[in-house]
Amino acid sequence: MGKYFGTDGFRGEANVDLTVEHAYKVGRYLGYYYGKNHKDGKASIVIGKDTRRSSYMFEYSLVAGLTASGADVYLMHVTPTPSVSYIVRLDEFDCGIMISASHNPYYDNGIKVINGQGYKLEAEVEEEIEAYIDGKIPEVPFAKREQIGKTVDYAMGRNRYIGYLMTLATRSYKNKRVGLDCANGASSTVAKAVFEALGAKTYVIHNDPDGININNNCGSTHIEQLQQLVKDKQLDIGFAYDGDADRCLAVDENGEVIDGDKILYACGCYLSERGELNNNTVVTTVMSNLGLYKALDKRGISYEKTAVGDKYVYENMMEYGHSLGGEQSGHIIFSKYATTGDGVLTSIKLMEVILEKKVKASELFRDLTIYPQLLQNVKVKSKPEAREDEDVIAATKKVEEALGDEGRILIRESGTEPVIRVMVEAATDELCKQYVDDVVRVIKEKGHEA
């Protein structure tokens, strides 16, 4: 990670950690950087945003910086992150920018830069942007006269993305009753339109963004209201998205949560049965549940484990040619159709499994036993110092030995927050809590807690 850019772009509290000046400078450098590749010095860059209040402020700052450097800017307005990735590739933009802090609260925001191939910006370019922000490289020139960039309304890009999603469904959703939780975020412009066009009877909640209610007790991080909706309305399935709609969790007809691991299992088995799972391999992160690995082993399906972050999942998929990967949190990548996690696309692919196999959602997971898992975040003064503390390492080792093959412990640094994450999987919830408490206590006793 760099000074400003983490595993998922430049993220922080709006006008505290990420300011309008930062956004302007990011725009200035990107316009200059990509403009160098054109004879006329004019780059073409597309921007999308989620519904948080500060997204408009950052959009205007980015546009000012980009056009001042000579770039032409195309505005998709409120739209999911994967739609920006799709349009960048389809219409051959130099890069795309998504203004979003994903699942974070409304007062945070972020700038995700997507390169011309539709995936996250290369680390070396992020380093150049950081150097420019900090004044470590010379000022870039201003465009003048006719070289000043223009701004174009490009809402049609979002509409083309909606059309693309509709083409991916293999069957009509007629007679299917589907709940959608749009998290008062970017999926509010897309999800309902897609499912209704495909014939589903849709029941939509949290689809009325006001700038400050994004992710507020709703969406994939607060799925309880969707669970209740599915049970109250006797729906076949429900889908919950996060703020920028690049992740999806589901709820089966009984109100039980279908997390990313379950989605990977259902889709992995389905694709494997059809001979469409490249290398017969599913790409996961180290946070995936031990139960997923044991179930895949029984089905003869291989798996990879990457660092946490859909960026790393996609890099592994591209390097080895895998077709399915994702995270427990709901970032699921189908490389045949997208270059990033896509919540609505994931919904469509899970619907395909249910419809083609002619089963209820709950029946997809009969052979999958998920181990109890507990994750606790500890806000710390220094992530490396806390993680590398000898006593913390010793406490972790003690837990590992106690769990043996019937569980595991994982200690890792957050890529977006000043926290250490302590995760334990074990045979019971009580054991999970006991072992997490053991390690967290050492972190606090050693004075690492912020």
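# A guided tour, starting at helix α11

Select D342 and V344: at the start of α11, the backbone nitrogen of V344 has a side-chain oxygen of D342 within 3.2 Å. Keep in mind as you click around that this is a predicted model.

**Stop 1: helix α11**

Now select residues 343-357, which make up helix α11. How far apart are its end C-alpha atoms? They are 21 Å apart, and this agrees with the 21 Å that 15 residues should span at 1.5 Å a residue. Then step just past the end of α11 to K358, where phi is positive, at about 55°.

**Stop 2**

Next, colour the strands β14, β13, β15 and β16. In that order they form an open sheet, and the pairing is mixed. Look for the edges, which are β14 (302-306) and β16 (332-334); each has a single partner strand, so one side of each is left without a neighbour in the sheet. From one strand to the next, the twist averages 20°.

Zoom in on β15, residues 324-326, which pairs with β16 in the antiparallel sense over three bridges. Which residue of β16 stands opposite G325? Select I333 and you have found the residue opposite G325.

**Stop 3: strands β3 and β4**

Select residues 44-49 for strand β3 and residues 72-78 for strand β4. Strands β3 and β4 run parallel and are joined by six bridges. One place to look is K49, which stands opposite V78 in β4. Is β4 mostly enclosed or open to the outside? Six of its seven residues are buried, so β4 is largely enclosed by the rest of the structure.

**Stop 4: S61 in helix α2**

Pick out helix α2, residues 54-68, and find S61 within it. With a relative accessible area of 12%, S61 is buried. Which residues does S61 contact, leaving aside its neighbours within four places in sequence? Show V20, A23 and Y24, which are its contacts.

**Stop 5: salt bridges**

How many salt bridges does a search of the whole structure find? The search finds 28. Here are some to visit.

- Select D91 and R160. Their side chains meet in a salt bridge, at 2.8 Å from N to O. D91 sits in the loop between α3 (81-90) and β5 (95-99), while R160 belongs to helix α5 (residues 155-167), so the pair ties together parts that are 69 residues apart in sequence. D91 counts as partly exposed at 22% relative accessibility, and R160 counts as partly exposed at 33%.
- Move to R387 and E388. The closest N and O atoms of this salt bridge are 3.4 Å apart. R387 is partly exposed at 32% relative accessibility, and E388 is partly exposed at 49%.
- Go on to R441 and D438, whose side chains form a salt bridge of 3.1 Å, N to O. These two residues are three apart in helix α14 (residues 429-445), so about one helical turn separates them. An α-helix has 3.6 residues a turn, so residues three or four places apart point the same way. R441 is partly exposed at 42% relative accessibility, and D438 is partly exposed at 24%.
- Finally, select D8, R11, K112, K120, D244, D246 and D310 together: salt bridges that share partners join them into one network.

**Stop 6: a three-stranded sheet**

For the last stop, colour β17, β19 and β18. They form an open sheet in the order β17-β19-β18, with antiparallel pairing. Its edge strands are β17 (373-379) and β18 (408-413), each of which pairs on one side only. With direction ignored, neighbouring strands of this sheet are turned by 15° against each other on average.

Look at β17 beside β19, residues 419-425: the two pair in the antiparallel sense over seven bridges. Which residue in β19 is the bridge partner of N377? Select R421 to see the partner of N377.

Definitions and conventions: Residues numbered from 1 in each chain as written. Predicted model: local features only at pLDDT ≥ 70, side-chain atom pairs only at ≥ 80, totals over all residues. Heavy atoms only, no water. Helix = DSSP H or I, 4+ residues; strand = E, 2+ residues; numbered from the N terminus. Expected span 1.5 Å × (residues − 1). Polar contact = N/O pair within 3.5 Å; in protein donor to acceptor, adjacent residues only side chain to side chain. Salt bridge = Lys/Arg side-chain N within 4 Å of Asp/Glu carboxyl O. Buried < 20%, exposed > 50% of the residue type's maximum accessible area, 1.4 Å probe, protein only. Pairing = 2+ DSSP bridges. Axes fitted to C-alpha atoms, helices over the stretch in contact; angles between N-to-C directions. Contact = heavy atoms within 4.5 Å.
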